[in-house]
Amino acid sequence: MKLTIQQDPAVPETEVILRCPALDTRLESLIAHIRQYSFVLVGYQEQREFHLPLESIYYVDSTDGKTFLYQKQAVYQCRETLATLEAQLCQTTFVRISKSCIVNTAFLHHVEPHFNHRLKAVLKNGEQLIITRNYIDALRRKLKGGVIS
């Protein structure tokens, strides 16, 4: 693989061009990572609004009708629903793992069996999330580089 980087302060916006003979799952995974850098989610803490880069969010969780964005050591409330976020993030490294949680697979340390045919996701910051049976196949497809629709 050949990699060329051209820096030019006069360029108004970053552009990534990928030339390849064929698109494979590894390249699709790379594209998903690159797409994340154009996303920003809005989170709130104590009446303050924060624009959070997508690549800094470990997971999104919904509890009691409220949606929360989790970073390594901070939590923000989000005004979007989990379903809306899932649709917006389908082309990124995020995947739904339960009725109330979407995880960023870029922060996934490992997955291990859990009771009742579920899995436990352990994130790089040590947090543990439960992957319910209905979402295991979607997670497997995402980890193999497939697109979840």
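A salt bridge is a side-chain nitrogen of Lys or Arg within 4 Å of a carboxyl oxygen of Asp or Glu. In this predicted model, Arg96 and Glu86 make such a contact, with their closest N and O atoms sitting 2.8 Å apart. Arg96 belongs to strand β6 (residues 94–98) and Glu86 to helix α2 (residues 82–88), so the pair ties together parts that are 10 residues apart in sequence. A search of the whole structure turns up three salt bridges. The general idea is simple enough: side chains of opposite charge can pair when their charged atoms come close.

Stepping back to the overall layout, the chain has three helices and 10 strands. Going along the sequence, they come in the pattern α-β-β-β-β-β-α-β-β-β-β-β-α. As for overall dimensions, the C-alpha atoms fill a box of roughly 50 × 40 × 25 Å along the principal axes.

Next come the aromatic rings. A pair of them is described by the distance of the centres and the angle of the planes. The structure holds three aromatic pairs. One of them is formed by Tyr59 and Tyr70, which are stacked, at 4.3 Å centre to centre and with 5° between the planes. This pair links distant parts of the chain, since Tyr59 is in strand β3 (residues 59–63) while Tyr70 is in strand β4 (residues 66–70), 11 residues apart.

The largest pocket has a volume of about 1200 Å³ and a lining of 23 residues. Leu3, Thr4, Glu15, Val16 and Ile17 are the lining residues that lie nearest its centre. Sorted by class, the lining comprises 13 nonpolar, five polar and five charged residues.

How values were computed: Residues numbered from 1 in each chain as written. Predicted model: local features only at pLDDT ≥ 70, side-chain atom pairs only at ≥ 80, totals over all residues. Heavy atoms only, no water. 1 Å grid on protein atoms, 1.4 Å probe; cavity = no way out; pocket = protein on both sides within 12 Å on 5 of 7 lines; lining within 4 Å. Points joined across faces, edges and corners; volume = space filled by probe spheres on them. Nonpolar A, V, L, I, M, F, W, Y, C, P; charged D, E, K, R; others polar. Phe/Tyr/Trp six-rings, centres within 6.5 Å; stacked < 30°, edge-to-face > 60°. Helix = DSSP H or I, 4+ residues; strand = E, 2+ residues; numbered from the N terminus.
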